[in-house]
Amino acid sequence: MYRFMLIITIFLRVALSTAMTATLAEVSGDVKIRRGLEETWQQAATGITLEEVDTILCLEGKAVLNLDNGMTFTLGSHSMLDIGDLKTITRQQLFLYFMSLKIEKLPDHSSQPPARLGKVSVVHGTGPDSNRPDDTLWKSRAKQERNGADALFENGLYANAIIKWHKIRQRYPVEPDCGEIESLIARSFEELKESGRAIDAWQRVLELTENCDNPEAAQRAETAGQHIDMLMP
Amino acid sequence: MRSVRKINLLMAMILLLFLSTYGIAGGRTRSSGVGVRLNYWNQFEQPTRIEASTTGESHIAVNGIGGAFYFFSRLYNDWFFEFSAGGVSNVDVISTDAFSEEAQVDAVVPLLLGLRYDFFSSRWSATVNPYLSAGGGAYLWSSNFVQQTGTAEQQLRIETEFKTGYYLGAGLNLALSSRVALNFDVRRHFSETRFNDNSDGFAFAVGVAYMWGKQREFFRIKDIKWIVQDIYPAYYQFYNSYPLALVTIENRIGQAIEVNVVCDITQFSERPRETGYLRIPGGQTKDIPVTAYWNRSLQQVNNRETAIVDLQIHARTGEEVLKQSSTEIVIHSRNAWNGDVDKLGFFLTPEDQTIRQLSRQVDITPDSTAVATFERAKALFGLLQQHNIRYLPDPNIPFYQDDRVQYAVETLDLGHGDCDDLVVLYASLLESVGIHTAFVDVEDPQQELAHLYLMFNTGLTPQQGAKISANSKRYVVRESIPGRPTIWIPVETTLIGESFEVAWQQGAMAFLRQAVLRHGLAERWVRIVDSH
């Protein structure tokens, strides 16, 4: 196979020609948008067309989006969503997404020579002071993205919600994980009539809640048990 | 006491004889042989008798004694064809006085063709080879009576009869050496004659045979699978441990053998490489991986050429046998690459002196230690800009030829390279200062040609992402170590003439659109391959 550079403009044309779009049908309150990979937010306004690489953030506000597939999507306060998260996801794509996660987790059996003199992986510059995250901003963003994922569920985009929650769990890991996100994933699988996967997710919830000692976790475990009993053939 | 000692001594000598022939014969019969047997087949069930008296009367009867000549030849494996011709007679002579005598001589001459199966010879290591046999043929029976009474009267009667019959037999061949064997045989003959109602019967024989021809091989090369026939010099470290071939050896005898495979590649071997003697139990088959010691000539190949791989297979079990096999392999040029992104990491040279010196020219003062890796990577990209490294695509290469990848130093010397070359250069620089890299391999189904770019690990946790960008779409969160997600930065290395910011932006956008939005990662046409 031969490697040649993609001409960026041609690439962008091709990419944009198959990309989805969404139009802001209604904006109320403090709603912002961010274009592509830009660092800054702009104020949103009705009628603006958003590309799939853009992001929308509702602070104290609400936005209604008309998607190019004819669907209408509502995003509530303190929610953030990438427009690309609204793209239609088929069951096959959902399945492939989970398979790719499993493949990523497999140990690397590529035929690298055991004798290779590789560099030791050292992350320079990390020290105790610099490791402390910016908690406030991080938690705020995590909450906003989480609300965005919840909005996907509320608007019936269950497959999209599942993938979004997966990404949120990876991007914003919580210790200990008491199965909150996993239970949402389980519910989404139930809505998709994927009983097998739903049962797996509820069982994972049971495993995760074992590590937690709080009323919410206990309630979640009970709910998981009930759903498993209900779904079991 | 003395007789007991003599018996013990005799038994000890016989045992010694058995043991001494153990290794010599090796339990493998030669393909052909001839022998003679002394037979005993008492058809009339009469005893052997010798009587004499002072009155001149005598009675001599010798029954069932005979001999045979036989020839055998291997048909297939442990099956032999055997031909035998012999004779067994019963002689009864009665003399009543000096002038009166009568003699009765009955004989049978069997001419037989048969099959023999040595059923232990390929599985049993001993020199004793039992067998079963069966066959049939012609039995020439004759009955001869001569009587002389006094000086005048004589009576002669000769009768013959030709009959067919068959036999079933068993026996032992005791190999004294690879060419000589003692034979003990017993047969039940089935052939009737009017001369004797009890002509069927058992015949016992003892004999000796001389053998010639090929001994069955104690091992054979069942298969040689050549695993690698195209050698890419860039992957030489891989070939030092990865087998070139698998030699399958079958042990065809009942005892263990030892096999040593020696591999030598003309011009390219430092020295022949031996597997060492490996034990193969009796009757079993073993796959033996073969590797080579490569020398520096491999790194100096500039144009594709061929080389001969010679394999010598030494097998031993008492004796040693050598077999050989050769094949031709293709040695590609040192810059050749078969397009396998998993192997592109072999082209990285972070330990190269020039690369190390170059990478250490970068002096950064990051805003915080957390982003030092990111800042250093940025600075190294800028360093390549300062060296006026430019993107230049490779010339059109026919599909049947390899792609060509420049090592980092070569790209620095030339001042240009295509996307693979620039990825290798930037990755080598990053790796030389301990920054982990990964290749992003894109085989977009909507595009005719594949593409390659790079991402590097900042070491930052997802929570620290804001330190480098407020927009999380500009980086990729990856768990290169399970349970430890970190932030990776995609960089479009062909934009080496632009700023790091531009290259980063394009790399991030490409990843976002292809890997994420178009599900390239899930559908496996976008792959992230760690460089090591």
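In chain A, 44% of the 233 residues are buried. The model described here is a predicted one. Chain A contains seven helices and six strands, and along the sequence these elements follow the pattern α-β-β-β-β-β-β-α-α-α-α-α-α. Among the contacts in chain A between residues at least 6 apart in sequence, 58% join residues that are at least 24 apart.

Attention now turns to chain B. Here five strands form an open sheet in the order β25-β26-β24-β23-β27, with antiparallel pairing. Strands β25 (476-481) and β27 (526-530) of chain B stand at the edges; each has a single partner strand, so one side of each is left without a neighbour in the sheet. From one strand to the next, the twist averages 40 degrees. The pairing of β23 (residues 437-442) of chain B with β27(B) is antiparallel and extends over five bridges. Within these strands, B:Ala438 stands opposite B:Asp530 in β27(B).

Helix α7(B) packs on this sheet, where it touches β23, β24 (451-457), β25, β26 (484-491) and β27 of chain B. The direction of α7(B) makes about 115 degrees with that of β26(B).

Helix α7 (residues 500-517) of chain B also meets helix α4 (residues 372-386) of chain B. Their axes come within 9 Å and cross at roughly 110 degrees. Angles of 65 to 115 degrees count as roughly perpendicular, and α4(B) and α7(B) are therefore roughly perpendicular to each other. On the α4(B) side, the contact involves B:Phe374, B:Ala377, B:Lys378 and B:Phe381, which meet B:Phe500, B:Ala503 and B:Trp504 in α7(B). Of the residues in this contact, six are nonpolar, none is polar and one is charged.

The nonpolar cores complete the picture. The largest comprises 96 residues, of which B:Ile265, B:Trp294, B:Leu311, B:Tyr426, B:Phe456 and B:Ile489 touch the most other members. Helix α6 (residues 419-432) of chain B gives the most to this core, contributing nine residues. A second, separate core of 49 residues includes A:Ala151, A:Ile181, A:Ala186 and A:Trp202.

Notes: Residues are numbered from 1 along each chain as its sequence is written. Chains are lettered from A and ligands numbered from 1 in the order in which they are written. This is a predicted model: local features need pLDDT of at least 70, side-chain atom pairs count only at pLDDT 80 or more; totals for chains, interfaces and linings use all residues. Side-chain values use heavy atoms; hydrogens and water are left out. Axes are lines fitted to C-alpha atoms, for helices over the stretch in contact, and angles run from 0 to 180 degrees between N-to-C directions. Helices (H or I, at least four residues) and strands (E, at least two) are DSSP runs, numbered from the N terminus. Angles under 35 degrees count as roughly parallel, over 145 as roughly antiparallel, 65 to 115 as roughly perpendicular and the rest as oblique. Contact means heavy atoms within 4.5 Å. Ala, Val, Leu, Ile, Met, Phe, Trp, Tyr, Cys and Pro count as nonpolar, Asp, Glu, Lys and Arg as charged, and the others, Gly among them, as polar. Two strands pair if DSSP finds at least two bridges between them. A nonpolar core is a set of buried Ala, Val, Leu, Ile, Met, Phe, Trp, Tyr and Cys residues joined through side-chain atoms within 4.5 Å. Buried means under 20% relative accessible area, exposed over 50%, partly exposed in between (1.4 Å probe, protein chains only).
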